[in-house]
Amino acid sequence: MTHTLKYFFSFCFMLSLFLAQAQDTDTIQRKKMDEVIPEAPKPITKKLPEEKKNDTIVKTDRYGFRVGVDLYKLTRALYDKDYKGLELVGDYRLTKKYFLAAEVGNENKTTDDDRLNTTTKGSYLKVGFDYNGYENWLDMENIISIGMRYGVSTFSQQLNTYKIYNANPYFGEVPVITSGNKYNGLTASWIEVVAGVKAKVFNNVFMGFSLRLNRLVTNKEPDNFKNLYIPGFNRTYDGDFGVGFNYTVTYFIPFYKKKVTPKKVEIKKEDQKK
Amino acid sequence: MKKIILLAFALALSFSSCEKDDICDANTATTPRLVITFYDITNPAVLKNVTNLKVVGAGMTDGIIFNTSATGESKYLTSGNAISIPLKTNEDTTSYNFTLNSGNANPALVNEDNIKFDYTRADIFVSRACGFKTLFTLNTSNPYTHTDAAVPDEKWIQYISVEKSNIDNENDTHLKIFF
């Protein structure tokens, strides 16, 4: 887990660099637009018709359903024999900035700690919203979002082997004990804060990643054991907090288009002043 | 928005420092030892110090180390009025050999007694880092069997009293030995 977490973060940082680049190109486009606008007023003496011309470029937002899969979970089984998992992600655009978002998944993970070896199997569902804080230009449809989810998971844990901790090993260290105890019917629920990025790579295909901070709300634990791993929530710590991550490929299915409201024009005016 | 994402990164990074709950804290209550205190048989309310007591588990060559700072044979000896000895976590009996005046030049003073403890065990989950601990319950009918040494000398232990049959911590005396 230590290694995978480190992998997450280094990976996120790498992606964050791309994020910065993406925004740089935006500013270049902005400049280009700014360049176009000053050119126009020269032949025309009045400013007002010029603004109207700008308005005639009808900008539309596409609304629809986006569905996809978490590549990290999907590919992890290739190199980690102790892990099998699948997460399907989806969101539906409710308003200009708000998306209804959900993830559903299944995990089967064997965790090998120093003194414990456990297998967790189960499914989870997370439902919530994303708020897109990114102002797209022209027909761009990128998303830099912050959102929340409520997650529920139902799972089982099997204690494969364990060690007795004895601070006074006078009779020598006792070998690993094979247990095989299975704890069924475990449940947990939690709240996630999600920071995510989605970029349109071509046509209706988006790639994205998100970072999640989780906090347990309910946690039904077995007698004489603890939920060391919760599908969807990931590893548990001594407190109620956890972290998550996903790396998704999604396909956007457009349902309808909406013209951009006049509010957009006001924003453009402000930009022109600058 | 950038700030929020930056904050999320920083927060996520701070979690990497939480990884070190993989080390079992020494202060965690784990598998307890059997706590024995020694009393005077003539005055049962008064604690009595043993002299150069050596405790060796059955089948073991070295005794239990009572004095970590000492070197040589003397680290196995105690002259206090209380000892803590570990019980086997993978068997339901543990036998010990209690030798009074161990290493004394006068062989008449050296006295050896055997005590076999019978108990049941329960493995209790502690934490991810510590794993499990074993708690013991001394049998109610025959918690111990007190015998003389292989080479018969008179038993130096006069009486054994079980104070607490549930051995789940080291805070209380589990067994009183009168001599």
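Two residues are in contact if their C-beta atoms, placed from the backbone, lie within 7 Å. In this predicted model, that criterion places I41(B) in contact with Q158(B), Y159(B), F178(B) and F179(B), once its neighbours within four places in sequence are left aside. I41(B) lies in the loop between β1 and β2 of chain B. The residue is classed as exposed because 12 other C-beta atoms lie within 10 Å, and the class covers residues with 12 or fewer. Between I41(B) and I177(B) the C-alpha to C-alpha distance is 8.7 Å, although 136 residues separate them in sequence.

**Confidence**

The model scores ipTM 0.79 and pTM 0.73. Values for each chain are tabulated below.

| Chain | Mean pLDDT | Residues with pLDDT of 70 or more |
|---|---|---|
| Chain A | pLDDT 82 | 74% |
| Chain B | pLDDT 87 | 88% |

In chain A, residues 19-23 have a pLDDT below 50, and this stretch has two contacts in the model beyond near neighbours in sequence.

**Sheet of chain B**

An open sheet in chain B is formed by four strands in the order β4-β1-β11-β9, with mixed pairing. From one strand to the next, the twist averages 25°. Within the sheet, β1(B) and β11(B) run parallel and are joined by four bridges. I36(B) stands opposite L175(B), a residue of β11(B).

In soluble globular proteins, nonpolar side chains tend to be buried together. The largest nonpolar core of the model comprises 23 residues, of which L34(B), I36(B), V55(B), I85(B) and F117(B) touch the most other members. Two or more residues each are given to this core by β1 (34-39), β2 (53-57), β4 (82-85), β5 (93-100), β6 (111-127), β7 (131-138) and β11 (175-178) of chain B. The largest share, four residues, comes from β1(B).

Beyond its neighbours within four places in sequence, L34(B) is in contact with S84(B), I85(B), L87(B), F117(B), I167(B), H174(B) and L175(B). A second, separate core has eight residues, among them L186(A), Y229(A), I230(A) and F233(A).

Methods. Residues are numbered from 1 along each chain as its sequence is written. Chains are lettered from A and ligands numbered from 1 in the order in which they are written. This is a predicted model: local features need pLDDT of at least 70, side-chain atom pairs count only at pLDDT 80 or more; totals for chains, interfaces and linings use all residues. A nonpolar core is a set of buried Ala, Val, Leu, Ile, Met, Phe, Trp, Tyr and Cys residues joined through C-beta atoms within 7 Å. A residue is buried if 20 or more other C-beta atoms lie within 10 Å of its own, exposed if 12 or fewer, and partly exposed in between; C-beta atoms are placed from the backbone. pLDDT is the predictor's confidence in each residue, from 0 to 100. Two strands pair if DSSP finds at least two bridges between them. Axes are lines fitted to C-alpha atoms, for helices over the stretch in contact, and angles run from 0 to 180 degrees between N-to-C directions.
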